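Here is a short tour to read alongside the sequence and the 3D view. Keep both open as you go.

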Amino acid sequence: MIEALEYEEKPVDRHLLYRDIIAHTFPKRHQDPKARDIFMTTAQAHLKEIPGIITELMDRFGAKPYFFTFSYYAIALTEALEFDRAMEVCRLALAYGAKDALGVGFDRRIEQIAKRKARIEASKAA
């Protein structure tokens, strides 16, 4: 799938490849450092291409799909204690009107990340 991304030019087909790579590597991120690296790199690349993908999907289907990438990437960034980046990903999802694939909602996810960041900063200050 990763190799196929090098050659695939159609936005929707690229989206499907990204989605499948992310779905395959996200659950393995804790056990396999290579899967984590692939996940993080793929998530970043997918987010860069989201504008064209969303436009294409809206033209074809008239609706925006769920994007697991936003939710999963925010979770992985939070786990890595990269709170500001995680909240940035959630804000980007909100700007695109993407639905949170995990049902939490990006506004609520931002609040949760901010609370976790505050707790960790408070514990460091103590």
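## Glu-79 and its surroundings

Leaving out neighbours within four places in sequence, Glu-79 makes contact with Arg-29, His-30 and Arg-116. Please keep in mind that this model is predicted. Glu-79 itself sits in helix α4.

Is Glu-79 buried, partly exposed or exposed? Its relative accessibility is 32%, so Glu-79 counts as partly exposed, since that class lies between the 20% limit for buried and the 50% limit for exposed. If you look for Tyr-96, 17 residues away along the chain, you will find its C-alpha atom 24 Å from that of Glu-79.

## The overall fold

Now zoom out to the whole chain. The protein chain has six helices and zero strands, and in sequence order the pattern reads α-α-α-α-α-α. The radius of gyration is 15 Å, close to the 14 Å that the globule rule gives for 126 residues, so the protein chain is as compact as a globular protein of that length. Along its principal axes, the C-alpha trace spans about 50 × 30 × 20 Å.

Taking the contacts with a separation of 6 or more, 55% are between residues 24 or more positions apart.

## The nonpolar core

Which residues touch the most other members of the largest nonpolar core? They are Phe-39, Phe-67, Phe-70, Tyr-73 and Val-89, in a core of 28 residues. Helices α2 (11-25), α3 (33-61), α4 (68-79), α5 (83-96) and α6 (106-125) each supply at least two residues of this core. The most comes from α3, which gives eight residues.

Not counting residues up to four places away in sequence, Phe-39 touches Ile-22, Thr-25, Phe-26, Tyr-72, Tyr-73 and Ala-76.

## Surface and charge

Buried residues make up 36% of the 126 residues in the protein chain. Its accessible surface comes to about 7400 Å², and carbon and sulfur atoms account for 54% of that area. As for charge, there are 20 positive and 19 negative side chains, with the centres of the two sets 6 Å apart.

With 48% relative accessibility, Arg-60 counts as partly exposed. Arg-60 and Val-12 are 48 residues apart in sequence, while their C-alpha atoms are 9.5 Å apart in space.

Conventions:
Residues are numbered from 1 along each chain as its sequence is written. This is a predicted model: local features need pLDDT of at least 70, side-chain atom pairs count only at pLDDT 80 or more; totals for chains, interfaces and linings use all residues. Side-chain values use heavy atoms; hydrogens and water are left out. Helices (H or I, at least four residues) and strands (E, at least two) are DSSP runs, numbered from the N terminus. The radius of gyration is taken over C-alpha atoms; the globule rule is 2.2 Å times the number of residues to the power 0.38. Buried means under 20% relative accessible area, exposed over 50%, partly exposed in between (1.4 Å probe, protein chains only). Contact means heavy atoms within 4.5 Å. Accessible areas come from the Shrake-Rupley method with a 1.4 Å probe; for residues, only the protein chains shown count as cover. Lys and Arg count as positive and Asp and Glu as negative; His and the chain ends are not counted. The place of a charge is taken as NZ of Lys, CZ of Arg, CG of Asp or CD of Glu. A nonpolar core is a set of buried Ala, Val, Leu, Ile, Met, Phe, Trp, Tyr and Cys residues joined through side-chain atoms within 4.5 Å.
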